Structures are given as C-alpha cells and as structure tokens.
Amino acid sequence: VQLQASGGGLVQPGGSLRLSCAASGTIFSTKTMTWYRQVPGKERDVVAAITSGGNTMYADSVKGRVTISRDNAKNTLYLQMNSLKPEDTAVYYCSILVGGYRYWGQGTQVTVSS
C-alpha cells in the first residue's frame, strides 16, 4: 500500500485548504481512512477518519471546520479544512490500517500564519 498526500501550504488565518491522499492498490474502498497531524515534539494525533461506508469522526479541535471525504473510484481521500487557525499548523498524514499494520503517507505541511 502506498499513500501520497498533497495539498498543504501556507494560508492565512481564516483561510481554507483541501488536502488529498492518493492510495495505491485495490483495498482502499474497503478500509477506514484516517488523517493525522503532528507538530514537532508532540505525538501524532487523529484529525478525522472515515469508514468504508462513509461514517465519519472528527477530533473536537476541528469539528465544524473540517470535512473528511473519499472517492473510492479514484482511490483518493480528502480533507477540506476551513476557518483555519494558527494552531492547525502541522504536518498532516493520511493513514490506512491493513492486516494489523498501519501505513502512512509522506505527510504534507500546513502552515497557518499571517
């Protein structure tokens, strides 16, 4: 399984970004996909997750500002982030758990700053 995240960048507070994660293989549609984020010196935290059936969950810190979605036909996971805050600054990773092993994308940097 290979995951390729993209879409990060520098954005002003209050702005928006859409992250994408392209997955290889044929198992994408059957698995829960998760976005994590990590800042230096801290643990990697869950931001949002979506099951194969489309059920979603969000960290309290992003509820109401972030939407996770997936396009199984394109093997792609998305994270729409609105009303961004400086505290959203982090490296964002997409992830999938397969056979007890968690695969990670390479991460994409999101910086929220004026």
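The model is predicted, so local features need pLDDT of at least 70 and side-chain atom pairs count only at pLDDT 80 or more, while totals for chains, interfaces and linings use all residues. Residues are numbered from 1 along each chain as its sequence is written, and side-chain values use heavy atoms, with hydrogens and water left out.

**The open sheet**

- Here 4 strands form an open sheet in the order 1-3-8-7, with antiparallel pairing; strands are DSSP runs (E, at least two residues), numbered from the N terminus, and two of them pair if DSSP finds at least two bridges between them.
- Strand 1 and strand 7 stand at the edges with a single partner strand each, so one side of each is left without a neighbour in the sheet.
- From one strand to the next, the twist averages 15 degrees, taken between axes that are lines fitted to C-alpha atoms, with angles from 0 to 180 degrees between N-to-C directions.

**Strand 8 and its partners**

- Strand 8 (residues 76–81) is mostly covered, with 5 of its 6 residues buried, where buried means under 20% relative accessible area with a 1.4 Å probe and protein chains only.
- Strand 3 (residues 17–23) runs antiparallel to strand 8 and is joined to it by 6 bridges; Ala22 has Thr76 as its bridge partner in strand 8.
- Strand 7 also pairs with strand 8 in the antiparallel sense, over 6 bridges, and Thr67 has Gln80 as its bridge partner in strand 8.
- The hairpin of strand 7 and strand 8 has 4 residues between the strands, and Asn75 takes a positive phi near 50 degrees there.

**The nonpolar core**

- The largest nonpolar core has 29 residues, of which Trp35, Ile68, Leu77, Leu79, Met81 and Tyr92 touch the most other members; such a core is a set of buried Ala, Val, Leu, Ile, Met, Phe, Trp, Tyr and Cys residues joined through side-chain atoms within 4.5 Å.
- Elements giving two or more residues to this core include strand 3, strand 7 and strand 8, while strand 9 gives the most, with 5 residues.
- Leaving aside neighbours within four places in sequence, Ile68 is in contact (heavy atoms within 4.5 Å) with residues including Trp35, Leu77 and Leu79.

**Arg65**

- Arg65 is found in the loop between strand 6 (56–58) and strand 7 (66–71), and counts as buried because its relative accessibility is 11%.
- The Arg65 side chain reaches the backbone oxygen of Ser61 at 2.9 Å.
- Beyond neighbours within four places in sequence, Arg65 is in contact with residues including Gln80, Met81 and Asp88.

How values were computed
Buried means under 20% relative accessible area, exposed over 50%, partly exposed in between (1.4 Å probe, protein chains only). A polar contact is a pair of N or O atoms within 3.5 Å; within protein, one must be able to donate a hydrogen and the other to accept it, and residues adjacent in sequence count only if both atoms are side-chain atoms.
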